[in-house]
Amino acid sequence: MNYSHSERLHEEALEHIVGGVNSPSRSFKAVGGGSPVAMERATGAYFWDVDGNHYIDYLAAYGPIITGHAHPHITKALQHAAETGILYGTPTKHEVTFAKMLKEAMPAMEKVRFTNSGTEAVMTTIRVARAYTGRDKIIKFAGCYHGHSDLVLVAAGSGPATLGTPDSAGVTKKIASEVITVPFNDIEPFKEALAKWGHEIAGVLVEPIVGNFGIVEPVPGFLEKVNKLAHDAGALVIYDEVITAFRFMYGGAQDLLNVKPDLTAMGKIIGGGLPIGAYGGRVDIMEKIAPLGPAYQAGTMAGNPASIQTGIACLEVLKQDGVYEEMDRLGGILEKGILEAAARHNVTITVNRLKGALTIYFTDQKVYNYDQAEATDGEIFARFFKLMLEQGINLAPSKYEAWFLTTAHTESDVEKTLQAVDIAFKNL
Ligand code: PLP
């Protein structure tokens with residue numbers, strides 16, 4: 001493939017935009033460098049780049065584009081918003097409709113508030129948990145990503161139950177000392193952390209199904225134990241469903257797994273492709289938020305009519321019969337085909353799939369936690385990524401990300417993808 005226009009654009013971007021990208025994960029740093037491909041047009045499951053190359057897309061913009069690009073129902077909602085005003089700074093009927101839709105789909109959210117991003121939503125759930133409990137510390141799980149607010153850019157300390165260290169320059173040691181990071185899917189270190197700091201913990205923050213070191217499901221009973229132990233210690237449980245809300249079913253991972261948090265943060269899919277976040281939870285906790293309570297959270301753009309109307313349109317598409325079943329069916333074909341191709345070419349992989357989302361890890365181990373994901377082969381992944389790109393299959397440029405199917409993918413797209421996988425594995 002010829003990428004000359006993408007390359008030129010990247011050189012120009014480097015002069016004006018830091019690192020040439022507006023989010024680090026878009027750079028090709030994790031896959032051996034080079035110019036990221038600049039896309040020009042997208043419709044359904046397809047992309048065309050600035051050089052005219054065509055791709056089947058499994059990035060789905062890191063999750064939000066579950067209906068495929070430029071879905072007509074969402075486009076119509078966006079057009080309506082453009083024609084009737086995209087930002088009012090007043091209440092609207094749309095936000096009430098949408099709040100009701102979210103509550104109906106995820107009943108643990110008794111009250112909702114909209115934000116502009118998943119980062120803001122998670123950041124505020126932590127603030128509210130602190131306001132409610134009068135405590136400062138949080139526990140989170142290694143490898144889960146919760147946006148880029150200071151408190152969640154903290155890595156594990158040296159042992160399982162040690163206080164964190166800053167994971168980013170600019171995050172103070174004092175902030176890091178308020179965060180404890182323990183391994184996902186392992187209840188003992190979590191118990192240890194609670195034994196040591198239980199009376200200081202405001203909230204336990206977790207991706208109920210992990211999407212940020214690949215797709216990793218909780219082992220049976222893990223979330224139930226986390227919930228119980230957290231509550232016994234007087235801490236709130238916060239589920240970060242920014243990726244998982246409406247990804248696997250019409251509802252959250254909490255509905256799929258039948259486990260209920262006190263607070264939930266969401267984003268991505270619920271905006272139908274426009275910027276959004278939302279959080280919600282038990283009434284008595286949510287009433288701590290201004291204007292009812294002392295915990296402050298606000299936003300000029302929050303609940304803007306454009307994001308809300310595209311969000312409603314997206315959920316209307318997802319509510320149709322058979323939508324999730326079809327993504328699951330195609331995901332199954334993809335998984336089976338990938339494993340068969342790996343066997344044909346003696347490539348060692350593990351596939352973690354849940355319905356329409358999957359991750360290929362280059363390892364012979366099962367992946368349950370971040371350490372295992374980290375130990376998988378990034379160099380082989382980088383070669384695989386580039387071999388797929390050259391064949392017109394657009395994946396996320398990181399071994400930690402998922403492939404996302406959308407309602408726009410067809411069996412024929414999946415078959416073409418499997419042919420590309422076969423060639424990529426052959427040439428690894
Ligand atoms: N939480 C999770 C689980 C995410 O995956 C992300 C983004 O990838 C965020 C929070 C942050 O959301 P946003 O990028 O909208 O700020």
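**A helix pair and its surroundings**

Tutor: The crossing of H3 and H10 is left-handed. That term applies if the near helix is turned anticlockwise from the far one by less than a right angle; clockwise makes a crossing right-handed. The model is a predicted one: local features need pLDDT of at least 70, side-chain atom pairs count only at pLDDT 80 or more, and totals for chains, interfaces and linings use all residues. Residues are numbered from 1 along each chain as its sequence is written.

Two packed helices are described by the angle between their axes and the distance between the axes. Here H3 covers residues 93-105 and H10 covers residues 305-318. They pack at an angle of about 40°, with axes 9 Å apart. The axes are lines fitted to C-alpha atoms over the stretch in contact, and angles run from 0 to 180 degrees between N-to-C directions. H3 and H10 are therefore oblique to each other. Angles under 35 degrees count as roughly parallel, over 145 as roughly antiparallel, 65 to 115 as roughly perpendicular, and the rest as oblique.

Now the residues. From H3 come His 94, Glu 95, Thr 97, Phe 98 and Met 101. They meet Pro 305, Ile 308, Gln 309, Gly 311, Ile 312 and Leu 315 in H10. Contact means C-beta atoms, placed from the backbone, within 7 Å. By class, this contact has 6 nonpolar, 4 polar and 1 charged residues. Ala, Val, Leu, Ile, Met, Phe, Trp, Tyr, Cys and Pro count as nonpolar, Asp, Glu, Lys and Arg as charged, and the others, Gly among them, as polar.

Look next at the loop between helix H9 (283-286) and H10. Pro 291 lies there. The peptide bond from Ala 290 to Pro 291 is cis, with omega near 10°. Most peptide bonds are trans.

Step back to the whole. The protein chain has 14 helices and 16 strands. Helices (H or I, at least four residues) and strands (E, at least two) are DSSP runs, numbered from the N terminus. The C-alpha trace spans about 55 × 55 × 45 Å along its principal axes. Of the 428 residues, 50% count as buried. Buried means 20 or more other C-beta atoms within 10 Å of a residue's own; 12 or fewer is exposed, and in between is partly exposed.

Phe 246 is buried, with 26 other C-beta atoms within 10 Å. Its phi is positive, about 65°, although it is not a glycine.

Technical notes:
Contact = placed C-beta atoms within 7 Å.
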